Amino acid sequence: MRPIWIISFGVLLACEGRLGNLLENGKDPGQQPSAPVGPQPGEPWSAPTPCKPVSTQRVSRLSDGHFTNSIRDLLAVAKPSFETGALDSESFLPAEASVVTPNVALKLQELAETVAKSATAPGSALVNCAGDQVTCAKTFISSFGARAFRRPLTSAEETALLKVYTDGRDIDGTHNGGISLVIEAVLQAPSMLYLSELGTPIGAEAFELTTHEVASKLSYFLRNSIPDDALWAAAQDGSLASPEVLRTHVDRLLATPEVQKNLTEVLSRFFGLASLSRVQKGPRIVGFSPAVAQSMYEESSALINDVLWNQNGTLSDLLTSRSAQIDARLAPLYGLSIAPEEGKTKVELPAKERAGILTRLGLLTVKASPDETSVVYRGLMAGRGLLCYDPGHPTAMQLEQGEVIRKTTKTERGRAEARAAIPSCRGCHSAFDPMGIAFENYDTVGRFRTTQSVDGQTIPIDPSGVVDIGDVTGPFASALELNDKISRSRAVRWCMTQQLTSYALGARLDEAHACTAGDLAQRFEQNGGNLRVLLKDIASWSGIRSRTSTGAKQP
Amino acid sequence: MSSGFLSRHDRRWFLKLAGGSVALAHWLQSGIARAETGTSAKRLVVLHRPNGGDPQKWIVNGQPGPILKPFENVWNYAVALKGMTVRPGNNSSGADPHGAALQTIMTGAHLLNEVPNGSDDGRWNSVESLDQTWSKKSPVFNVTPIRSLQVGANGRMDGLQEPQNRTLSYGAARTPLFPVISPYDIQKQLVSKVMPGGGGVGQNKLFDRRTSVLSFVKGDLARVRKQFPGEMKPSLDAHEAALADLEKSLSNGKPPTAMCSIPDVPANLPIDNVGANEVEKVGAAHFSLLKAAFACDLTRMVTFMWGPGASAGAFTMHGVGNHHSTSHQDERAKLGAVDRWFSEKTAPFIQSLIDAPDPTGGKLIDNTLVWYINENSYGANHSLDDMPFVLFGGDGVGLTSRGRVADVSGRTSNDVWLSIAKRFGVDDLTSLPTEHKGPIPGLIS
């Protein structure tokens, strides 16, 4: 796990780095330092063609968040509370949901009973019935059941649910009792709980998702919930099979506030900002509190939102913008002054100190140790997150050596230099330590500084270095210069394509995926790194709709 | 109304006694059989605390050191292991050592070369964990209403919330069974086994409604089984077992012949708080429920986590704001103090097993084995050598030579499983994929 390494400043005796999860998944980690990731300078972008669809037929249980959002939208009730241990709310790639254990089944039962009771309270539109109650029940079952299962019901399912209705009606003696029981049954049904991407055959071992499956895939990617009415209608009438219609819906959805909010949160999770609420700093660190952490989150989220949706901006914009909305809590940390009564105020951050999300308080605070900065954290922030470089985890002996360096060397730059002097450390650390050094001008809560105190002495900070990874390679004098390299890097755009495609698919990309996603990366390059267009391209991508067989069916 | 698979005559009844606790005249079918034959239930608890400690204060000159001091009143039921290692197998190179150690201890198997979502350098497990295998296959375990329980007092890691660190139990490869942090949820699960939906008009209606819903849900599960890929089988098997468990809650039908009670626990315990005081409260509530579950013979297999591997626990009284973060530093005094804290908070659970009568005679501890583990030896280097493990238990589980430190140098965690297997009705555990030597002589009689 990453923090181990970062906190301990591990020394790698034999680097076992991997080229992200994206390039070498399925292979044993190598014993040699990894080569830089992404296309090298001068290399063509295009992947081998034609690429076959490589996502396999898949079934996964809805995450707790997806499940509760779906209930909210299905029944127009408040989002219920439901947590089964997967803790998916902070993870960028959706964490696998817990299997249905006896305890989870019990919680599902309780949740379904509570929600059904609330949704069918007297006066609820769900239980209004002017005519024959059984006819009303059939209508409800047909529509509610299909939306919950995200596909049309079979006649056998309709019959089974009608029996549930008559059971409930007979037990309680009311129509409400019957509808309520149908809701209970549907919310606990595997067809509701599991999201399937099985498709229909279109050739040897090739499958194309049904329009209903495409609608669900798209909707959980963009909305974090079930398809809305328009998308559902397009799935129902089959028009969603048309790529043009699908793109129309993607455009429509990307313009909705709920989708924009969701994707802003997705990118916030990508940068690790969701964990700001749990960040702890040491008692000697002034200027930090939970309220400040919240302001930091809001400021960085606002930046993402602004670039994505207001500016129709590029990845480069996200990495270079100095425009910020800050409040009185953050102003002093940025060296500015804002009165509390002014609320959130739009400012331009100091040009010589800040450029883009990597230099904002939120990210710098998350990527630091409680009492001091962290070259490794911040180096990996760029190396692992933006360049898809994964060095693996150091061994026990390497960790011990890292701790020796930590105890005997006072500055983070000094520690990085100590690692660079050991050949076996240099292999991996040389790829990302220099990038971490660049951010030494920012303390553990992101305040800009040019000096630091060491054993009572004030010493200047040198943030310069030479980076040797991908097309970011070369010298830099400061974080802003490094930032400039990163913001212009094709390798970074390639990596961001891979990262967001992984999110859309809900799984890490393997080598074959990287092939099929190559056209996305190429388009991202051609459109100048426009993030909104990238998201649209991913949502409209053929790889979202295609699957290959996984082999055996359930016995 | 026709329930389809249950009749009203099957409904279990219950008693609710005064005093705030749900009490039950409860004796399950297995318990009756056990009482009639005079055999004792045997129970296994794997009890984990995180982030290593200070090996220098664990065992000193062959004797229990300061970290073990809080166990002195229960030491007559303890065997501390000295020199045991954990040896992760394939695909552990470069992997998160917290998760790799937990997975190796619990499965004895190699890892997959797959990184779970939510992790950056963890690996997925390759097989079901041994607690799950045993609880399914061994007649010692598979006779109770709840086949196994997964419980935790703190679920929060430092940094990413990685699946491989947050569970001891796996239903299959890539299938974590995360511990339930809320004692209230565990209490509801236990109570559902001793006061199923019968009793009074309202309860009759509830029973009928749940029966109807379960019938539909089971049918739906059977339908999707035919369509889903084979890789879903373990998850769907687990789901089916969970539904069967719910069904049992409706249908436990044997009349009570003995008394046991499930204690009340507050619904608002601090279940998402890493502070030591809060974690202590949650842990203590779980322990009271586990003791009751054993006394009622509701389950015989438990995995318990004081916190996940790389836990973010805050022990501010010892100057530790983030346990995992501190564990990486050479802060022996702090790490030893935190590990001693876990000893202090675990000892009352062992004592409660010593004090509580076993329904078949003797005390609960006599027929219970608690394997007290950690996923690291010393956090600063993530060492997996000389692991700080203790076995607590009594004669009934074969822990007969107690109150000592056993030198098990050169042995791996797999050898603990191999040593205890026969006592727990597992005869075919002759080999495990990762390093092992076999049963440890003199450990389990």
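## A disulfide in chain A

In this predicted model, Cys129(A) and Cys136(A) are linked by a disulfide, with an S to S distance of 2.0 Å. Look along the S-S bond and you'll find a torsion of about 85°, so this disulfide is right-handed.

## A link across the sequence

Counting over all chains, you get two disulfides. Cys388(A) and Cys495(A) make up another pair, and their sulfur atoms sit 2.0 Å apart. Here the S-S torsion is about 90°, so this disulfide is right-handed. Cys388(A) is in the loop between helix 16 and helix 17 of chain A, while Cys495(A) belongs to helix 21, so the bond ties together parts that are 107 residues apart in sequence.

How accessible are these two? Cys388(A) counts as buried at 3% relative accessibility, and Cys495(A) is buried too, at 0%.

Cys425(A) itself is buried, with a relative accessible area of 0%.

## Positive phi in chain B

Now hop over to chain B. Asp297(B) isn't a glycine, yet its phi is positive, at about 55°. You'll find Asp297(B) in the loop between helix 7 and strand 10, and it's buried at 3% relative accessibility.

Ala310(B) also isn't a glycine and has a positive phi, near 60°. Ala310(B) sits in the loop between strand 10 and helix 8 and is buried, at 0% relative accessibility.

Notes: Residues numbered from 1 in each chain as written. Chains lettered and ligands numbered in written order. Predicted model: local features only at pLDDT ≥ 70, side-chain atom pairs only at ≥ 80, totals over all residues. Heavy atoms only, no water. Helix = DSSP H or I, 4+ residues; strand = E, 2+ residues; numbered from the N terminus. Buried < 20%, exposed > 50% of the residue type's maximum accessible area, 1.4 Å probe, protein only. Disulfide = S-S within 2.5 Å.
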